Amino acid sequence: MEAFVEPLFVNIAIIFSFTHLLNMFFPLHPGVIPSLKNQVIFGLISGVGALVCMLFPIETLKDSFFDLRNVPIMIVTLYAGWLPGAICSLFVLMARIGIGGEFAWLGVILTFLAYVVCLIYHGFFDQDKRRWISAIYIALVYTLFYILFIHTYLQFLTLDFYLVYFSSFLIAFFSCIFLIERLVKINMQLKETVYLDKLAVAGQMAAAIAHEVRNPMTTIRGMIQFLGSTTSDPKLKEHSPLLIEELDRTNKIITDYLSMVKPDEPKLERISLENVLIDVVSLTAPYGAINNVEVTTSKIGSYQVCIDEQKLKQGLINIIKNGIEAIEENGTIHVYQYKLTKRNITIAIEDNGKGMTETELEQIGLPFYTTKAKGTGLGMMVTYKLIQDMGGKLRYESELNEGTRVLLTLPLYTKSNPLPEEVIE
């Protein structure tokens, strides 16, 4: 049995090491669709990891060749898609054929089976609430087929081998999924920490200068408005509206700053989410019509959420307005229910605009970052804070020239998740 255990534990250590290595250079984040370049890199790294596993096989089983090379294939296919899985599988197939032996054909079949099973169930695994259930089902299906094949064609294998090998296989598979899920959460926490640090810096700046700048601005605006209405100078009459407009825009920047730092606790209340969405669509539809964009919503259902209605409306209007401005020609923005759990509901705001690159996605919500010619880069920063203050979450998914989907998760009103004041009572 020791001859089985030692190489398999070495294989497990190799898989964990390559998972950490991949996360070190390409931090894992939920819902982020890797670019074509990253998919190829994921496939290459996982392929190398599988080949390293093949350097440490069980060597006491005649002409057979057993290791955990199929675990990287399954993991990368489930998490990154068909292309990385295909690249990793190709590495393994070429290596196994190169090694040769009487049972090389069986190794090829089992490798191909690992890829196909995970490819079939990739869609189910990609849903967060079904991830572990899907993983158990995938492991069970593949293990049963694996045992069936080797029991039929490799009758010299003992019970000790079956117990040790498949225990190691399942430990490696589930532990790797657990490790990746933990890394994803840690990466998200680090990202939020960096964001909050930048938000704090922006807040300190705002608190220091806002009131000092606003007072003289108000005086200047009043004087320009007065002179523009009373002067006979045509140049002053012509340019005074533009000056007032720029002062108002500057004032809005200061207002956005203050909305991030002033102690304004959200007034959580129980409201109908569908009614809020209908109101927001009604408010933004005229702006969309001016820009040849249709704003629509599907029936959400009678779900009650614990939120600050005005803050939610402000955040949704900002998101939809950004979507409208991202559509260069005729387009649509659709609001619909994306996912429902016992405690939360996720709403999607999806447009068919120009989309964003992976680099642009990472910058959303940071101070002064904007893709608009006249934007300040503060609108989405304010929106993120509004949503976070209500206990919600905001996530962007986008591909260049394919459009953008914004996922807004809000806490449901339930008996197990009531309003804060109801808990006190």
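**Figure 1. The segment 162–180 in the predicted model.** Over residues 162–180 the chain is 100% helix and 0% strand, with end C-alpha atoms 27 Å apart. Helices are DSSP runs of H or I with at least four residues, strands are runs of E with at least two, and both are numbered from the N terminus. Residues 7–28 are 86% helix and 0% strand, and their end C-alpha atoms are 28 Å apart. An unreviewed UniProt entry lists both stretches under "transmembrane region", along with 40–61, 73–97, 103–124 and 136–156. UniProt positions follow the numbering used here, feature names are shortened, and annotations may be inferred rather than shown by experiment. This is a predicted model, in which local features need pLDDT of at least 70, side-chain atom pairs count only at pLDDT 80 or more, and totals for chains, interfaces and linings use all residues. Residues are numbered from 1 along each chain as its sequence is written, and side-chain values use heavy atoms, leaving out hydrogens and water.

**Figure 2. The whole protein.** The protein has 14 helices and seven strands. Buried residues make up 44% of its 425 residues. Buried means under 20% relative accessible area, exposed means over 50%, and partly exposed lies in between (1.4 Å probe, protein chains only). Among contacts between residues at least 6 apart in sequence, 75% join residues at least 24 apart. A contact means heavy atoms within 4.5 Å.

**Figure 3. Helix α7.** Helix α7 covers residues 131–153, 23 residues in total. From first C-alpha to last, α7 reaches 33 Å, close to the 33 Å expected at 1.5 Å a residue. The expected span is 1.5 Å times one less than the number of residues. The buried residues of α7 include Arg-131, Ser-134, Ile-138 and Ile-150. The charged end of Arg-131 sits over the ring of Phe-125, 5.0 Å from the ring centre. The rule here asks for NZ of Lys or CZ of Arg within 6 Å of the ring centre and within 35 degrees of the ring normal.

Figure 4. Rings of Phe, Tyr and Trp (its six-membered ring) pair if their centres lie within 6.5 Å; planes under 30 degrees apart are stacked, over 60 edge-to-face, and the rest tilted. By this rule the count comes to 20 aromatic pairs. Tyr-121 and Tyr-137 have ring centres 5.2 Å apart and planes at 75°, so they are edge-to-face. This pair links distant parts of the chain: Tyr-121 is in the loop between α5 and α6, Tyr-137 is in helix α7, and they are 16 residues apart. Tyr-137 is partly exposed, with a relative accessible area of 44%. Tyr-142 and Tyr-146 have ring centres 5.4 Å apart and planes at 75°, so this pair is edge-to-face. Four residues apart in α7, they are separated by about one helical turn. Both Tyr-142 and Tyr-146 are buried. They belong to one aromatic cluster that includes Phe-4, Phe-66 and Phe-161.

**Figure 5. Helix α5 and its neighbours.** Helix α5 has 17 residues and reaches 25 Å from first C-alpha to last, close to the 24 Å expected. Among its buried residues are Ala-104, Leu-110, Tyr-115 and Cys-118. The buried residues of α5 pack against α3, α4, α6 and α7.

**Figure 6. Asn-38 in helix α2.** Asn-38 lies in α2, which spans residues 36–54. Asn-38 is buried, with a relative accessible area of 10%. Leaving out residues up to four places away in sequence, Asn-38 touches Phe-26 and Glu-358.
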